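Please have the sequence and the model open while you read these notes.

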Amino acid sequence: MAHRYRSDLTWDDVTPKEVYLNRRQLMTGGGALLAAGMAGGQARAQDAWDLTPNSWEEITTFNNFYEFGTDKSDPAEHAHRLTTSPWSVEIDGLVDNPGTYSFEDIVAGQTIEERIYRLRCVERWSMVIPWNGFELADLLNRVGVQDGARYVAFETAMRPEEMPGLRVPILDWPYREGLRLDEAMHPLTILATGLYGEPMPNQNGAPIRLVVPWKYGYKSIKSIVRISLVAEEPVASWNQYAPHEYGFYSNVNPNREHPRWSQEFERRVGGGLFARNIPTLMFNGYEEEVASLYEGMDLIEFH
Ligand SMILES: Nc1nc2c(c(=O)[nH]1)N[C@H]1C(S)=C(S)[C@@H](COP(=O)(O)O)O[C@H]1N2
Ligand SMILES: [Mo]
């Protein structure tokens, strides 16, 4: 029987909304979140939780979007070739209302909010990005998640004529990602349609991309064309590419070394050549909000 899936948590349970919505209050909110005590001195901890957004320039010229090439500058250079309108997303699998939804259908009736989130890349750089978007849970509840659905699978567009990077068989294209249903329903998980109040730039995943702030950046899949509700853990591109390096969960975890490098520190993009290493926080600083999703799980084994 179909039902509306409800996460145990609501946005109000997890954190004061202002913490994410208002930069000035952030300093206080961030301080409170850190009160539990973290490794490192006070100043370093505050650096790690500094949510001053990166500039538009930084956010739109230093990207990972391998469909357009593997250099950080490739997406800004080539992603203009992606046709983002019209756009549609196939929603299928264990849902009451499967179908092909236009971008306009998907955003219709959604209140687009600003969410200032930290993005922590597995390559040890980070940014703070003021996204505009809405909770993925809203969309999933609208299409009706059926009993038996335990995961959500996502796919990026695959258009060889518009995406020069697809010629390079690094990944088994299309780019795919997945979340457990409770992660997908968590109020921090959003579908973003813009940043800095502007429509999403192509290099950042226009017209609609996922943002899961407590996971390494690669989980936040761009330019989504398919969302499937499924029973079994779906394929995730980087996990498929190198399972030992990139687990399905990919929660930011300074205690779990990537086989080729430590995840203990990161550098903020834009800090220049002499950017300081700042400590990486458990769950990218969102521990208070999301740790309960993983109670009882060994986060080294399930990395
Ligand atoms: N389709 C697709 N989505 C993707 C990627 C990609 O190569 N292709 N790269 C991921 C990685 S590794 C990161 S760090 C983030 C970067 O997002 P940004 O460029 O908006 O900062 O996008 C993620 N989403
Ligand atoms: Mo990344």
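1. A term comes before the details. Helices here are DSSP runs of H or I with at least four residues, numbered from the N terminus. The model is predicted.

2. Begin with Glu183. Glu183 is placed in helix 9, which spans residues 181-185. Is Glu183 buried or exposed? Its relative accessibility is 0%, so Glu183 counts as buried. The cut-off for buried is under 20% relative accessible area.

3. Which side chain does Glu183 meet in a polar contact of 2.7 Å? The partner is the side chain of Lys215.

4. Now the ligand. Ligand 1 sits in the largest pocket. Its surroundings comprise 17 residues. Asn63, Tyr66, Glu67, Thr156 and Lys222 are the closest.

5. What is the make-up of the shell around ligand 1? The shell residues split into 8 nonpolar, 6 polar and 3 charged.

6. Look next at the atom pairs. Asn63 places a polar side-chain atom 2.8 Å from an oxygen atom of ligand 1. For Asn204, a polar side-chain atom lies 3.0 Å from an oxygen atom of the ligand. Ser220 uses its backbone: an N or O atom there lies 2.9 Å from a nitrogen atom of ligand 1.

7. How much of ligand 1 does the protein cover? On its own, ligand 1 has 540 Å² of accessible area, and the protein covers 98% of it.

8. To check on screen: the contact of Glu183 with Lys215, then the ligand 1 pairs of Asn63, Asn204 and Ser220.

Definitions and conventions
Residues numbered from 1 in each chain as written. Chains lettered and ligands numbered in written order. Predicted model: local features only at pLDDT ≥ 70, side-chain atom pairs only at ≥ 80, totals over all residues. Heavy atoms only, no water. Near = heavy atom within 4 Å. Polar contact = N/O pair within 3.5 Å; in protein donor to acceptor, adjacent residues only side chain to side chain. Areas by Shrake-Rupley, 256 points an atom, 1.4 Å probe, with all protein chains shown as cover. 1 Å grid on protein atoms, 1.4 Å probe; cavity = no way out; pocket = protein on both sides within 12 Å on 5 of 7 lines; lining within 4 Å. Sits in = over half its atoms within 2 Å of the grid points. Nonpolar A, V, L, I, M, F, W, Y, C, P; charged D, E, K, R; others polar. Helix = DSSP H or I, 4+ residues; strand = E, 2+ residues; numbered from the N terminus. Buried < 20%, exposed > 50% of the residue type's maximum accessible area, 1.4 Å probe, protein only.
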